[in-house]
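Please read it with the sequence and the model side by side.

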Amino acid sequence: MAEIWGERQLIDDGFERVYVELEWYDGPRDGLVDIDGVAHYFQCHDVDFSRAPDEYLVWPASQVLVQLEREQWAIFARWNAQCEAGTAGIESHPGHGGIDPRYDELTALLAPHRKAPADARCLVAEWRFDGGARYRLDGLDYWVRWTPGR
């Protein structure tokens, strides 16, 4: 199990929140984070998931995109809470399409912005966990600190 860190310690050590997880495979692959207090998308750059450190492409996200991403995340987080409580099943996952019209609309609006642009920066991520709920309305249970990549 990963070591658990307190929020104050994470902040003091230069870690920032992860607000949206778009993909997870043996670790965070895509999502939305703060980098130096500014919202950015991140996308795994290294296809060898077994290697560390993880390199990511990162690029800024506008405030409008952040609001839309967090709105979609909230729909997912509410569904996940229902699923964990046993009041919703996997078949009702909003990501399946045709289940939540607003979720579907947001997916279409956000898709073009979730692709790394040619001028995306390459950074290396270090991840830490805060011990809170895995998926919550304000983000996730892991934080990130970035260092320059190649």
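## The barrel

Two strands are taken to pair if DSSP finds at least two bridges between them. On that basis this predicted model contains a closed barrel of 6 strands, which runs β1-β2-β3-β4-β5-β8 with antiparallel pairing. From one strand to the next, the twist averages 45°.

Several of the pairings can be followed residue by residue. Strands β3 and β4 run antiparallel and are joined by 5 bridges; H40 has P60 as its bridge partner in β4, and F42 has V58 as its partner in that strand. Strand β1 (residues 16-24) pairs with β8 (residues 142-148) over 2 bridges, antiparallel, and here R17 is bridged to W143.

## The helix across the strands

Helix α2 lies across β1, β2 and β3, and runs at about 65° to β1. The helix has 23 residues and spans 32 Å from its first C-alpha to its last, close to the 33 Å expected at 1.5 Å a residue. Just after α2, G86 takes a positive phi of about 85°.

Which residues of α2 are buried? They are L65, V66, L68, E69, Q72, W73, A74, I75, F76, A77, W79 and N80. An α-helix has 3.6 residues a turn, so residues three or four places apart point the same way. The buried residues of α2 pack against β1, β2 and β3, and also against α3, β6 (135-136) and β7 (139-140).

In soluble globular proteins, nonpolar side chains tend to be buried together. Here the largest nonpolar core has 36 residues, and those with the most contacts inside this core are V18, F42, Y56, W127 and W146. Two or more residues each come from β1, β2 (28-35), β3 (38-44), β4 (54-60), α2 (63-85), α3 (101-110), β5 and β8. Of these elements, α2 gives the most to the core, with 8 residues.

Strand β4 is largely enclosed by the rest of the structure, because 6 of its 7 residues are buried. The surroundings of Y56 can be listed in detail: leaving aside its neighbours within four places in sequence, Y56 is in contact with P28, R29, F42, Q43, C44, H45, R121, C122, L123, A125, W127 and W146.

## Aromatic pairs

A search of the whole structure finds 14 aromatic pairs. One of them is formed by W127 and W146, which are edge-to-face, with 6.1 Å centre to centre and 70° between the planes. This pair links distant parts of the chain, as W127 is in strand β5 and W146 is in strand β8, 19 residues apart. Why does W127 count as buried? W127 counts as buried because its relative accessibility is 18%, where the cut-off for buried is under 20%; W146, at 14% relative accessibility, counts as buried too.

F129 and Y142 form another edge-to-face pair, with 6.0 Å centre to centre and 65° between the planes. This pair also links distant parts of the chain, F129 being in strand β5 and Y142 in strand β8, 13 residues apart. F129 is partly exposed, with a relative accessible area of 22%, whereas Y142 counts as buried at 1% relative accessibility.

Ring pairs link W24, F42, Y56, W127, F129, Y142 and W146 into a cluster. Among the members of this cluster, F42, Y56, W127 and W146 are also listed with the most contacts inside the largest nonpolar core.

How values were computed. Residues numbered from 1 in each chain as written. Predicted model: local features only at pLDDT ≥ 70, side-chain atom pairs only at ≥ 80, totals over all residues. Heavy atoms only, no water. Helix = DSSP H or I, 4+ residues; strand = E, 2+ residues; numbered from the N terminus. Core = buried A, V, L, I, M, F, W, Y, C linked by side-chain atoms within 4.5 Å. Buried < 20%, exposed > 50% of the residue type's maximum accessible area, 1.4 Å probe, protein only. Contact = heavy atoms within 4.5 Å. Expected span 1.5 Å × (residues − 1). Axes fitted to C-alpha atoms, helices over the stretch in contact; angles between N-to-C directions. Phe/Tyr/Trp six-rings, centres within 6.5 Å; stacked < 30°, edge-to-face > 60°.
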